[in-house]
Amino acid sequence: MNILAIETSCDETAFALGSGSGRDFRLLSNTVLSQIGIHEKFGGVVPNLSAREHLKNFKPLLKKTLKQAGVRLRDIDCLSVTSGPGLIPALLVGVSAAKALAYFLKKPLIGTHHIEGHIYGAWIKKNGKLRQDIKFPLIALVVSGGHTQLVFMKNHLDYEVIGETLDDACGEAFDKTARLLGLSYPGGPAIAALAEQVKARKPRFDLPRPMINSDNLDFSFSGLKTAVMYLVKKEKKEKKKISLNFKQELGFCFEQSVVDVLVKKTKKAAEQFKPRAFILAGGVAANKKLRKEIKNNLQEKNVLKCFPLLKYCGDNAAMQLPAAFQKIEKHGLDAYKNNWKKLGAKAEWRLKNAI
Ligand code: KG4
Ligand code: ZN
């Protein structure tokens, strides 16, 4: 069986083609066209511009994906599309096109949740096959531009959000802090690159670690960003401008604060829920310091630590495929055959309602 996956929830137009079944899966192609260059000058993603670019890129990228996979459009057996959460103008392009294709090809259409996609990206190996060593129950820490959630999974497709951010998402905090420091979008990689240049390990700024000792598994990042804002204002007032050294050290301290909070909450979740596996997912999962500190600190016995390949951390369509195959195994293809009529784009969509 060939499944074509489509992703347009934010600023990446992406397709992937996978074949096989839930166990015997192979990724045949994975294409991503990023719009960073377009949104960079606005310091963040502009939804309508994003939709316009998805529309422009849809057909050429689809053709490239099919060519790479060596599969013709008429040989597609099923489609899958990110139907939420995300930016509505952007989601509507992918969802509408997926519905039109499903109608034209007379094939079932699966709507996947963007966060479940991020989690399932951890299953894809370098050779395009799926890992067989990830056991349940598991905990996933999803850290992206739009979400920060700790998710407990007793089994495939069974999601319980056990902690989440009360304000800004983790990636959003990186992006906003980067803007305060005059760095380019997306801010996460820009701050990480600056922080890596700091040699002295004695932090110059004492930034807060919001909610690090709270008795729940929730997060808050907006106060941290505000603390950075006051330090930048003070420095600008005193020195007229902020130096590279100031940016490096503040970036370093900011990254460390975020990582400290994420690691502490992950450890707490592992102690409470006793998982057999842990998955780090989402765009911020590309952060080297976060990966390293989770590896070093999550020492609970028998917990397999899974970090997705870098190409499956940021937005892509391949990450939907393992989830789509699981859905077919659980509900059967027929459950999705009328979705070309029914599927909608959902800006807000709770993970537990993903089917
Ligand atoms: O998952 P993603 O590609 O898109 C959303 O679903 O939001 O995540 C994008 C986020 C951005 O906020 C970006 O700054 C952040 O991931 N990011 C990073 C790194 N690479 C990307 N944050 C910290 N360190 C990185 N190396
Ligand atoms: Zn994402």
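## Zinc site

Donors to a metal are taken here as N, O and S atoms within 2.8 Å of it (3.2 Å for Na, K and Ca), and because water is not among the atoms, sites may look incomplete. In this predicted model, the zinc ion (ligand 2) is coordinated at 2.0 to 2.1 Å by His114 (NE2), His118 (NE2) and Asp315 (OD). Along the chain these donors have the spacing H-x3-H-x196-D. Histidine 114, in helix 4, and aspartate 315, in the loop between strand 10 (304–306) and helix 10 (320–331), are 201 residues apart and link distant parts of the chain. Helices (H or I, at least four residues) and strands (E, at least two) are DSSP runs, numbered from the N terminus.

## Ligand 1

Aspartate 315 also has a backbone N or O atom 3.2 Å from an oxygen atom of ligand 1. For glycine 188 the corresponding distance is 2.9 Å, and for a polar backbone atom of glycine 146 it is 3.3 Å. A polar contact is a pair of N or O atoms within 3.5 Å. The protein covers 86% of the 560 Å² of accessible area that ligand 1 has on its own (Shrake-Rupley method, 1.4 Å probe).

## Basis

Residues are numbered from 1 along each chain as written, and chains are lettered from A and ligands numbered from 1 in written order. Local features need pLDDT of at least 70, side-chain atom pairs count only at pLDDT 80 or more, totals for chains, interfaces and linings use all residues, and side-chain values use heavy atoms, without hydrogens and water.

Methods:
A polar contact is a pair of N or O atoms within 3.5 Å; within protein, one must be able to donate a hydrogen and the other to accept it, and residues adjacent in sequence count only if both atoms are side-chain atoms.
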